[in-house]
Amino acid sequence: MKSIKTIWKDEDFKTRAKTVLLGNNEKRGLVPQIICYSLLILFGFVYLYPILYMLAYSLMSPSDVVSPTVNYWPTEFYWQNFVEAAQTMDFWSSLLSTILVSVLPSVFQTVSTCLVAYGLARFDFPGKKIILGLIIFTFIVPTQITMIPQLVLYKDLGLLNSILAYLVPASLGQGIKSAVFILIFYQFFRAIPKSIEEAAKIDGANSLQIFWKVGIPSAIPAILLSFLFSVVWYYNETVLSAIYLGGELTTLPLQLQKFQASYESMFGTIATSGKSVNEAIYMAGTLLNILPLIIMYIFTQRFFVDGIDKAGITGE
Amino acid sequence: MIKREKKHFNKSDTLSGLLFCSLWLIGFLALTLYPLIESLIYSFSTVSVEANGDIIVTANGWRNYAYALIQDSEFTAALQGYATEIILYVPVITVISLILAMLLNSKLKGTSFFRTLFFLPVIITSGPVIELFISQGVASFPGIADLINFTELSQSVPQFLVDALKFLTDEFIMILWFCGVQILVFMTGLQKIDKSVYEAAKIDGASSWECFWKITLPAINPTLVINVVFTVIMQSIFSLNPIITKITNDMNGTGEGSGYGYASAMAWIYFVVLIVLLVGFVLLFKSKRKGSVK
């Protein structure tokens with residue numbers, strides 16, 4: 001049997017050990033792998049920390065909240081917070097209007113941005129470059145500039161305080177961040193080989209038919225991506241929702257924004273009832289606000305990631 | 001003399017193209033260009049809303065702009081806060097996104113799980129949610145800020161650097177939360193790099209560090225610029241931006257320093273600052289590419 005000393009001197013063993021630990025050109029070694037994983041786990045934990053904290057906190061009873069010994073984990077799961085938060089936010093009816101306000105404009109936005117992107121990607125016509133430039137310009141212009149005259153315009157047209165204030169701009173390609181969607185679709189449509197289009201043309205298809213038979217099927221990942229992103233951005237919008245939708249359609253994020261005031265008018269303030277909106281209920285309300293989005297994300301996450309992957313946004 | 005060939009456009013292509021763009025064109029003219037011009041007019045006027053909803057616009061020259069920049073300390077403070085935030089956020093978000101994208105791109109098992117995780121914040125981030133995190137102190141780790149003695153530090157380094165550091169430690173997790181899209185965009189850029197380039201460089205004796213600066217960074221420069229533009233715009237339109245709050249609060253008042261006219265003037269000043277920041281960042285990140293290619 002060789003002694004440890006001789007094993008250590010054995011060149012062959014040395015190189016093998018080095019390969020296992022540090023890796024070579026083909027294989028990653030153990031040390032870089034461990035470093036990568038530790039970094040990923042560390043970042044993963046940091047990312048989740050606010051959500052985990054919120055989850056634990058939202059289950060604390062009022063005595064846990066004030067107790068100095070309870071820091072991170074509740075002594076018992078106190079579900080009453082969620083009941084009170086749901087009441088405060090008028091959860092079911094707010095959820096319904098949030099879904100309405102986010103899904104419907106997203107459908108229109110996806111269709112309109114898809115159309116204009118196809119026109120720009122597949123046809124050569126005078127002024128095309130100008131239109132592309134203007135689309136990028138609309139991405140840069142802050143909403144705050146156009147917001148006030150739009151408000152006046154919508155009021156004159158009778159669109160205000162209804163979902164129409166979202167639907168009309170969305171269907172004309174001027175919805176929330178429409179420019180991003182147009183650029184994503186543009187990338188997709190440009191990737192279609194000309195030969196497929198020409199073959200369809202020889203078969204006698206007109207441009208609308210080609211759009212329908214060739215363009216749409218090749219852009220399915222982009223359609224899903226745009227629709228989902230659109231839903232997310234409409235869902236989370238608060239500034240425009242507050243101004244355009246008024247009190248008619250109150251979304252969950254808007255409810256969250258006025259949580260404290262709603263809670264006090266419903267359950268009374270400390271002075272009147274001895275109760276106040278403790279942080280645990282507020283956390284429960286926030287969780288209720290993001291819960292529908294998380295559920296949606298669980299089922300659709302691969303479309304988000306694949307879509308961005310396939311969109312190949314690289315700036316050519 | 002260079003002979004310019006006149007481009008001939010196919011008639012049916014022109015017609016189809018314009019047809020596909022027609023909805024957008026109508027929308028742009030009516031809902032973006034017209035409001036843009038109106039807003040410019042408002043910004044040079046006093047705008048009052050009558051009881052019956054009529055709008056009366058009286059020109060007042062540069063009064064709104066002068067008031068915003070000279071008298072309204074709340075606005076200039078908001079503007080300053082916004083600019084500082086962007087200048088701090090953009091480099092940090094870009095660097096962290098690139099690090100995470102490279103980690104995720106390393107073909108290890110289980111990276112798709114982390115990719116899903118890092119993208120989650122993009123889905124759930126909205127003004128009120130972030131506001132709650134910041135107010136509850138979960139926007140950063142408890143104790144991170146305690147590690148640094150800020151009062152002691154401010155004696156040896158300039159105050160603005162201390163403020164910047166404090167800002168970063170206070171909202172550390174939120175900065176990570178804003179990286180979701182950027183990580184994925186970087187990943188698509190990284191995946192396009194030909195692996196054989198690295199192999200060739202390794203044979204020539206280049207270290208991983210040199211490979212990063214000489215191959216990876218120049219190759220992903222277009223992606224980098226896209227990410228920088230995206231970060232600036234997304235941070236600007238995020239509803240917690242102090243300027244947005246200020247404009248929204250002031251638009252419905254009457255008298256000097258409020259109303260539609262004044263709010264429009266503030267919005268235009270804000271737009272100019274945004275453009276300056278955007279152009280500055282793009283030039284900064286683009287010039288780097290030229291340096292390393294040479």
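Reply: One term first: buried means under 20% relative accessible area, counting protein chains only. Also, this is a predicted model.

Me: Fine. How many salt bridges does a search of the whole structure find?

Reply: Five, taken over all chains.

Me: Start with chain A. What does A:R122 pair with?

Reply: The side chain of A:R122 meets that of A:E197 in a salt bridge, 2.6 Å from N to O. The two belong to distant parts of the chain, with A:R122 in helix 6 of chain A and A:E197 in helix 11 (residues 194-202) of chain A, 75 residues apart.

Me: Are A:R122 and A:E197 buried or exposed?

Reply: Both are buried.

Me: Now chain B. Which residue does B:K246 reach at 3.0 Å?

Reply: That is B:D72; the 3.0 Å is the distance between the closest N and O atoms of this salt bridge. B:K246 sits in helix 14 (residues 242-250) of chain B, while B:D72 is in the loop between helix 2 (63-71) and helix 3 (73-104) of chain B, so the bridge ties together parts 174 residues apart in sequence.

Me: What are the relative accessible areas there, starting with B:K246?

Reply: B:K246 has 7%, so it is buried. B:D72 has 8% and counts as buried too.

Me: And how does B:D250 come in?

Reply: B:D250 forms a salt bridge with B:K246, with the closest N and O atoms 2.7 Å apart. Both residues lie in helix 14 of chain B, four residues apart, which is about one turn of the helix. B:D250 has a relative accessible area of 12%, so it is buried. Through shared partners, salt bridges join B:D72, B:E74, B:K246 and B:D250 into one network.

Me: Why would such side chains pair at all?

Reply: Side chains of opposite charge can pair when their charged atoms come close.

Me: Switching to packing. How do helix 10 and helix 13 of chain B cross?

Reply: The axes of helix 10 (residues 180-191) and helix 13 (residues 221-237) of chain B come within 9 Å and cross at roughly 170°. That makes helix 10 of chain B roughly antiparallel to helix 13 of chain B, since angles over 145 degrees count that way. The crossing of these two helices is right-handed.

Me: How many residues of helix 4 of chain B are buried?

Reply: Eleven of the 14 residues in helix 4 (residues 111-124) of chain B are buried, so the helix is largely enclosed by the rest of the structure. Among them are B:F114, B:F118, B:F119 and B:P121.

Me: Back to chain A. What is on the surface in the way of a nonpolar patch?

Reply: A:I99, A:L100, A:V103, A:L104, A:V107, A:F108 and A:V111 form one, with about 520 Å² of accessible area together. A:F108 is in helix 6 (residues 91-122) of chain A. At 36% relative accessibility, A:F108 counts as partly exposed.

Me: Last one. Where is A:F181?

Reply: A:F181 is in helix 10 (residues 178-190) of chain A. Its relative accessibility is 1%, so A:F181 counts as buried. From C-alpha to C-alpha, A:F181 and A:L132 are 13 Å apart in space, and 49 residues apart in sequence.

Key
Residues are numbered from 1 along each chain as its sequence is written. Chains are lettered from A and ligands numbered from 1 in the order in which they are written. This is a predicted model: local features need pLDDT of at least 70, side-chain atom pairs count only at pLDDT 80 or more; totals for chains, interfaces and linings use all residues. Side-chain values use heavy atoms; hydrogens and water are left out. Patches are made of residues with over 30% relative accessible area and no salt bridge: like charges are joined within 9 Å, nonpolar side chains (Val, Leu, Ile, Met, Phe, Trp, Tyr) within 5 Å. Accessible areas come from the Shrake-Rupley method with a 1.4 Å probe; for residues, only the protein chains shown count as cover. A salt bridge is a side-chain nitrogen of Lys or Arg within 4 Å of a carboxyl oxygen of Asp or Glu. Buried means under 20% relative accessible area, exposed over 50%, partly exposed in between (1.4 Å probe, protein chains only). Axes are lines fitted to C-alpha atoms, for helices over the stretch in contact, and angles run from 0 to 180 degrees between N-to-C directions. Angles under 35 degrees count as roughly parallel, over 145 as roughly antiparallel, 65 to 115 as roughly perpendicular and the rest as oblique. A crossing is left-handed if the near helix is turned anticlockwise from the far one by less than a right angle, and right-handed if clockwise.
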